[in-house]
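Here is my notebook from an afternoon of browsing.

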Amino acid sequence: MTRTLLVTLAVLLAAPLAAQDALPTRFFIERIEVRDAKRVSKDVVIAESRLREGQEYSEADLRDASARLSRLPFLLSVDFALEKGSERGRYRLVVSINETTPFFYALDIRPMLGNNDDIEPDYSDRIGVADNSGTIGFRWFIGRRGALHTALVTSDYDRNFARDYAALVIGYTQYDLFNTRAFATLNLKHVIAEGGATLSPQLVVGIPLSANQTLTLELDETRFGDDTANIFGQAFDTQRGQRVVGATWSYNTTNRPFLPTRGTLLSVRPRLSWSDAATYAFVVDGNPDSPPVEWFSVHADTVHTEAREVSINAARHWELSERSSVSGGVQARLGHYRLDSEILGLSVDHTLRGAVTAGYSYSLWDAERTKSGDSRLELNLRVGNRSTSYDDFFYRAEQQQLSASWVRRSSWGTLRLGAGYAW
């Protein structure tokens with residue numbers, strides 16, 4: 001009986017101690033040291049961690065910072081380690097990184113088959129930068145907080161929102177603006193396959209709101225080259241341009257930039273788009289008594305489209321084992337689209353599109369090897385509706401699509417190869 005009481009008392013006394021030990025431990029970081037950095041700026045790594053020297057952080061804070069760095073496209077993997085500082089209770093945070101090469105690519109090649117030629121596939125899970133289906137380029141870090149890049153990019157605005165294009169881009173990113181951990185990227189674009197296209201600016205500004213929340217502002221101006229349109233047998237010159245303005249609030253706790261296996265990603269993205277096209281012709285006065293004079297003769301049509309859209313995306317990833325994971329998500333878009341011209345006027349109010357997504361991935365590599373990249377097999381299912389084309393943006397159709405692909409991420413970039421079926 002006495003032994004039972006002693007055991008019971010020991011358990012009761014140990015319970016508060018165990019609870020106390022389970023509380024998050026906080027660490028005073030007196031110094032942050034980045035190791036194995038060859039090309040990547042150490043200051044950029046520290047800035048993107050959103051940690052500061054001389055501050056106290058919990059284990060959860062450090063895990064969030066590690067995941068945040070792991071999502072950077074120019075880092076393959078990141079390891080955190082705490083070393084003793086100058087005195088008791090102080091620590092030095094050691095960040096060991098594995099870099100990518102200056103050359104980079106993000107390519108998503110998944111032809112989609114289907115029984116309806118009018119319905120285009122929805123690639124809302126593109127690899128790489130949002131609204132881009134492919135990117136190939138080079139990146140150089142300049143100074144302590146800058147990076148210069150040049151790339152060939154192809155846009156994928158989902159067609160009913162804005163016109164897609166391919167462009168050569170040169171740009172500069174400044175990290176840790178005014179010591180706030182914010183960044184700004186300024187690009188100059190030259191649209192290719194469009195004769196006479198001029199340089200167009202693109203500006204992206206990212207503002208950290210908390211450890212896992214970011215507000216991103218965007219301005220994308222595109223001037224397409226002159227073209228020729230045939231109207232009733234007569235050739236007319238055509239000029240086109242578009243502007244996209246938007247903002248994105250995101251909450252991100254995922255562990256990888258392109259192939260997350262755990263964590264949550266939420267985003268709300270309001271955007272405005274304006275597109276203009278004008279056709280015209282010049283004629284020459286043939287009066288022999290006066291010199292030839294060119295003047296604006298025929299103005300065939302002016303087309304202006306306007307789109308206002310708010311998109312909401314939510315996705316959650318769960319690891320089933322060291323190699324396999326599943327995901328589920330919800331997508332919704334509410335938009336207003338309007339087309340005005342001298343020939344046609346069209347307005348569509350409150351076009352709502354939505355979808356439910358599910359995915360499964362299996363890594364062909366073990367956890368240790370994935371520090372140098374990844375090789376995965378994926379299955380992705382999307383059930384919902386979408387518009388059919390840029391010209392018929394007012395028409396919606398129910399659509400389901402299933403795709404299977406192989407994804408390879410290395411120090412050179414990320415490639416997804418696969419195929420799918422839409423019905």
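The entries below cover a surface patch, a pair of helices and a few loop residues.

**Ground rules.** I am working with a predicted model, where local features need pLDDT of at least 70, side-chain atom pairs count only at pLDDT 80 or more, and totals for chains, interfaces and linings use all residues. I number residues from 1 along each chain as its sequence is written, and side-chain values use heavy atoms, with hydrogens and water left out.

**Entry 1, the patch.** I looked up a nonpolar surface patch and found one of about 780 Å². Strand S18 (345-363) and strand S19 (374-387) are the elements that give two or more residues to it. My note on terms: patch residues have over 30% relative accessible area and no salt bridge, with like charges joined within 9 Å and nonpolar side chains (Val, Leu, Ile, Met, Phe, Trp, Tyr) within 5 Å. A salt bridge here is a side-chain nitrogen of Lys or Arg within 4 Å of a carboxyl oxygen of Asp or Glu. Strands (E, at least two residues) and helices (H or I, at least four) are DSSP runs, numbered from the N terminus.

I then picked out Trp406, which sits in strand S20 (residues 396-410). Trp406 counts as partly exposed because its relative accessibility is 31%; buried is under 20%, exposed over 50%, and partly exposed lies in between (1.4 Å probe, protein chains only).

How do the axes of helix H2 (residues 42-49) and helix H3 (residues 59-70) cross? I found that they come within 8 Å and cross at roughly 125°. H2 and H3 are therefore oblique to each other: under 35 degrees is roughly parallel, over 145 roughly antiparallel, 65 to 115 roughly perpendicular, and the rest oblique.

I noted Asp36, not a glycine, with a positive phi near 70°. Asp36 lies in the loop between strand S1 (26-35) and H2, and is partly exposed at 47% relative accessible area. Asn179 also went into my notes, with a positive phi near 60°. Asn179 belongs to the loop between strand S9 (166-177) and strand S10 (182-191), and is partly exposed at 46%.

Is Ala193 buried or exposed? With a relative accessible area of 82%, Ala193 is exposed. I located Ala193 in the loop between S10 and strand S11 (199-208). From Ala193 to Gly225 I count 32 residues in sequence, with 8.5 Å between their C-alpha atoms.

Methods: Areas by Shrake-Rupley, 256 points an atom, 1.4 Å probe, with all protein chains shown as cover. Axes fitted to C-alpha atoms, helices over the stretch in contact; angles between N-to-C directions.
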